[in-house]
Amino acid sequence: MLKHHWKRFKIATSERFKPALLTCFKEGYSTKTLTADLIAGLIVAAVALPLAIAFSIAAGLSPQAGLITAVVAGFLISACGGCRVQIGGPTGAFIVIIYGIVMQFGTGGLMIATIMAGAILIILGLCGLGSIIKYIPYPVTVGFTSGIALIIFTGQIETLLGLNCTPALAQLGFEKMPGEFIEKIDVYIHSIKTINWYTLALSLITILICVYWKKVTQKVPGSIIAILVTTIGVCVGKACGWEAMHQVTTIGSKFPDVAQGVAFALPSFDFSNVDIRALVSPAISIALLAGIESLLSAVVADGMTGKRHHSNTELIGEGIANIASPLLGGIPATGAIARTATNIKNGGQTPMAGIFHALFLLIIMLFLGKYAAMIPMATLGGIVAVVAYNMSELHLVKGMFKSTRSDVLVMLTSFLLTVLIDLTVAIQAGVLLAAFLFIRRMSESTEARNVTRALSGDFHPTGPRADDLNQLDIAIPKGVEIFEIYGALFFGAADKFKDTVLSQRRRPKILILRMRHVLVLDATALHSLEEVYSHTKNKGVTLILSGVAAQPLMLMARSGFLDKIGQENVHGHIVDALKRSHEVLELPLP
């Protein structure tokens, strides 16, 4: 028995873990494809370099953490993932989560939470839950994405304006910058008089270059040009003795170790004070965000390439990357939509492009660290601000306000909870609220109507409601009432159905429930149906069912309801149900 289950597990695992890299190699890997992947990998590395540094610093960590993540996770996501052109690494969406975890649990807590998230992703993939993204409502996605974008931008205000927040933090009783949105805004308000105008100028120059450089060319990313222009400008200013340039904070002045290079090593932390149970929620947040963002990126890539990704493999690859990255000093990672799109647009065809991108970053990281130290912090702040704006996708938010009120409510709830409380709470509450509103809409669309009067001239049902009753060759005997049910008959509509049927003043001899439009029946609705049967039986009324679909019929059979009501009182067509009513009333058949 154990061998049988183990064999089935191995078969299921092999079906759910099919790295795209192996598939591409089996199909053949030509020199032409190699060249295209090399070029695309180099360009993507140029795009990923400033983002990896900027995201890591924005999350309250050193630049090395972001670079290590881009190399390690970028390599493993491409090597083990299920998408041919996915580019993985640190993303802006993680800034909020990482910052909060580090504030509460320290870097050791972040390491454990990331490893736990990696394990969760692997389990989701092995269990075949790669389609999990389908169960996250669109308004929830728009809400928490725009909320994350706002938090990211808010976190860059200090860097963009060159604020000196130390006095304000002491005045407000904080040891370091708080993670909560309202409290952070309060610190900025108290520090607004400390604006460094030279830093603000560099931030604005960076933003303008990032926004408008693509009109010049899209082959070279605007972030690289912004870094070159501002870094050279600050260096020249310092060389010329311009005192103002010495007031501008650079990566090297804030993180002196960057100039010495980056080393891969297992971080040493004191885990004795870390509560694993308290890290479960942050780990779920990381896993949810990594899974959602990577699968969204893979879907976008499918649309651009015409290929199909393997979602379960993609989750497993993300999980492997998120276990390995923190072990070498990195942070959480996922598939990056912008970098994946850049890879596709520049000719990347296989996962080797992502692997080359990681190798190019490794070379830059090991040998060009001293030049990265010269980059102004304001430049990185400007780059992250542009990323936050693009991430907010304001056109989607505006479009949501043209949707239903319930969708707008779900979106705003997810947005506010993300900003004011926590991403995990926002997703959970958003999904639950969307589910409740959906149940409400479904229950409102479910109807049970008396259609017997359709034979007389005083009742004209709208739409396709029992219009065929007027065309039947069989008469509806006196004392027979026909109710037709429309929509899903489930717990949300069960009471409504029961009340409608039992509230009729006239007591018929036979009650026919026409269920041809009921495709779904659940236990609650079945219980209501049994109550209707019990009520009619006590009143001496015969209950007959007509047009019962496959799923409701199977449920009735399994529960024993068919035996209770009698097989002779369940028919596939209304004509047969009416013939049965003639038999019960002992009337001659027409």
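**Group meeting: salt bridges, rings and confidence**

Okay, let's start with a salt bridge: the side chains of glutamate 484 and arginine 514 meet in one, at 3.6 Å from N to O. Before I go on, keep in mind that this is a predicted model.

So where do those two residues sit? Glutamate 484 is in strand β4, residues 480–486, and arginine 514 is in strand β5, residues 510–517. They're 30 residues apart, so this pair links distant parts of the chain. Both glutamate 484 and arginine 514 are buried.

Now, glutamate 484 has another partner. Arginine 516 forms a salt bridge with it as well, and there the closest N and O atoms are 2.4 Å apart. Again we're going from strand β5, with arginine 516, to strand β4, with glutamate 484, and this time the two are 32 residues apart.

Let me show you one more of them. Glutamate 27 forms a salt bridge with arginine 84, with the closest N and O atoms 2.8 Å apart. This pair also links distant parts of the chain, 57 residues apart: glutamate 27 is in helix α2, residues 20–27, while arginine 84 is in the loop between α4 (63–80) and β1 (88–89). Have a look at the surroundings of each. Glutamate 27 has 53% relative accessibility, so it counts as exposed. Arginine 84, on the other hand, is buried, with a relative accessible area of 18%.

The structure has two aromatic pairs. One of them is phenylalanine 25 with tyrosine 29, an edge-to-face pair with 5.6 Å centre to centre and 90° between the planes. Phenylalanine 25 is partly exposed, at 40% relative accessibility, and tyrosine 29 is partly exposed too, at 26%.

The other pair is tyrosine 533 and phenylalanine 561. Why do we call it edge-to-face? Their ring centres are 6.1 Å apart, and the planes are at 85°; planes over 60 degrees apart count as edge-to-face, so this pair qualifies. Tyrosine 533 is in helix α23 (residues 523–538) and phenylalanine 561 is in helix α25 (residues 561–565), so to speak two distant parts of the chain linked across 28 residues.

One more ring for you: lysine 184 lies over the face of tyrosine 99, at 4.6 Å from the ring centre.

Last topic: how confident is the predictor? The chain averages a pLDDT of 84, and 90% of the residues score at least 70. Which helix has the highest confidence, and which the lowest? The highest is in helix α14, residues 311–327, at 94, and the lowest is in helix α1, residues 2–16, at a mean of 56. There's also a stretch, residues 455–467, where pLDDT stays under 50. For that stretch the model has 23 contacts beyond four places in sequence.

Note on methods. Residues numbered from 1 in each chain as written. Predicted model: local features only at pLDDT ≥ 70, side-chain atom pairs only at ≥ 80, totals over all residues. Heavy atoms only, no water. Phe/Tyr/Trp six-rings, centres within 6.5 Å; stacked < 30°, edge-to-face > 60°. Buried < 20%, exposed > 50% of the residue type's maximum accessible area, 1.4 Å probe, protein only. Helix = DSSP H or I, 4+ residues; strand = E, 2+ residues; numbered from the N terminus. Lys NZ or Arg CZ within 6 Å of the ring centre and 35° of its normal. pLDDT = per-residue confidence, 0-100. Contact = heavy atoms within 4.5 Å. Salt bridge = Lys/Arg side-chain N within 4 Å of Asp/Glu carboxyl O.
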